[in-house]
Amino acid sequence: MILPSVCQIVSCAMSIHKTFITTINDRCIVIVPSLGKIFEIDNSLKGSIPAFIESGDPLPVSRWDNLKDFQFLGVNFLLTNRCNLRCGYCYEDDKPCASEAIFLKDEIIYAAIDYVAQCALEVGAPRIYANMFGGEPTLSFKSIQKGVNKLRSTAQKNGIISRATITTNGVMDKDKAIWLANNMDAITISFDGPPEIHNLHRSNSFDAVFKTAKTIFGIATQKISFRVTVSSMSVTKLPMITEFLGKNFPKSRIFIEPVFSIGGGINTKYGMPDHSAFFQGFLDSLPIAENYGCKIKTSILNIGAKSKQFCGAPGNNFMIAPDGRVSVCNRMVTNSNPIGDKFTYGKFDEKLKIFVFDAEKYNWLKTLRPNIIPACENCFASSNCRGDCVANKAIVDPVSFPTTPSYRCQEIREFIGKILLYIIDHGGEQIEWRE
């Protein structure tokens, strides 16, 4: 992660890369985001670093950069609005049983897989993917199995690779856990740590989740990762949570994210934590993760990532709600979100058997990129946070969120600065999880 000298960068000329210079704790740091490089220089050399440098390394290209409108190489299925838990901070308003149960129809699943396969053939892409989500996706387990089988057979027929993933709360019987371990390419389990934390957050489900995680970990260690949601109650215990997961699931990946003020996260006593406390807890967890060979990540930390946008919200996500609507964000299809319709840009027409898209909405979504946020233009941290989560910003400020910096902008800048120093001083293997 550390460039030995400026001369080594400017000696070869092919691509132009923007540099950022910042002072953190009286130390002068140079960042070259498009090369995934950082290094420290003497303060006296600060004026000699150019705004742009030349390098033989090409500019990064993300999987989205060369796609046309409505071309998607993967699909996220929200298989049902049902859940077998009632987590206090759930963005679906902690009322998963208040509305009528809806399950995504198999014909829509099949049509979506055919659609992304056709897109892949059009652009010559080598792979298609499908992610299973909810609600709790394992409540629609037959659809998972049918969807994975359809994905595999479609990819094989077209001579491309397939990738099947799932995000689950882990509350399922052992047979389902074994099937997932043997048939999915990646499995993310929501797990908030030891029982005294997890049970308070997630409906006393620790025993069931731990059993599922151990089953999958024992069969397919390399496939499993964990999603830890951190509340105002648990934020000071992040190192303990990392210790627990590292000890029980060494060399695993741990994705750490705070509760956000949407749905149940607005009023619950397990709501949004203090931003600075969250980032400090992450920093304190780094050496613990390293001890167990784990990699940890949070969404605004993207050292060396190829994409210039936070996620696929600017028209890249093909996410299908249980009722057949097409959205760019799973949080935006729930009844608890008053501005969710802005992020929904299509639907499956059951008569025509095709997906119908709203071009006007889609074109608006495409504008939701960091390059329209003036404050991000010359910020050294912007290549990491990439403007932060558009959906969360929209919930905080529904009117001006596209062009305003994140509500936690200052805390993000301080955090990224400390991360850069940590990488320079200690290396960054335990946080090198690029997307």
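Is Asn-316 buried or exposed? At 14% relative accessibility, Asn-316 counts as buried. Before the close-ups, a word on what you're looking at: this is a predicted model, where local features need pLDDT of at least 70, side-chain atom pairs count only at pLDDT 80 or more, and totals for chains, interfaces and linings use all residues. Residues are numbered from 1 along each chain as its sequence is written, and side-chain values use heavy atoms, with hydrogens and water left out.

**View 1. Asn-316 and its contact with Gln-309.** Asn-316 sits in the loop between β12 (295–297) and β13 (319–320). Helices (H or I, at least four residues) and strands (E, at least two) are DSSP runs, numbered from the N terminus. Buried means under 20% relative accessible area, exposed over 50%, and partly exposed in between (1.4 Å probe, protein chains only); at 14%, Asn-316 is therefore buried. Its side chain makes a polar contact with the side chain of Gln-309, at 2.4 Å. A polar contact here is a pair of N or O atoms within 3.5 Å; within protein, one must be able to donate a hydrogen and the other to accept it, and residues adjacent in sequence count only if both atoms are side-chain atoms.

**View 2. Lys-366 paired with Asp-69.** In this salt bridge the closest N and O atoms are 2.9 Å apart. Lys-366 lies in the loop between α9 (359–365) and α10 (382–385) and Asp-69 in the loop between β5 and β6, so the pair ties together parts that are 297 residues apart in sequence. Lys-366 is partly exposed at 26% relative accessibility, and Asp-69 is partly exposed too, at 37%. To count as a salt bridge, a side-chain nitrogen of Lys or Arg has to be within 4 Å of a carboxyl oxygen of Asp or Glu. A search of the whole structure turns up 11 of them.

**View 3. Lys-353 meets Glu-107.** Here's another salt bridge, 3.0 Å from N to O. This one links distant parts of the chain: Lys-353 is in the loop between β15 (344–349) and β16 (354–357), Glu-107 is in helix α2, and they are 246 residues apart. Lys-353 is partly exposed at 46% relative accessibility, as is Glu-107 at 30%.

**View 4. Asp-185 with Arg-152.** The closest N and O atoms of this salt bridge are 3.0 Å apart. Asp-185 lies in the loop between α4 (174–183) and β9 (186–190) and Arg-152 in helix α3 (residues 141–157), so the pair ties together parts that are 33 residues apart in sequence. Both count as partly exposed, Asp-185 at 29% relative accessibility and Arg-152 at 25%. Elsewhere, salt bridges that share partners join Arg-27, Glu-40 and Asp-425 into one network.

View 5. Ile-254 and Ile-224 are 30 residues apart in sequence, with their C-alpha atoms 9.3 Å apart in space.
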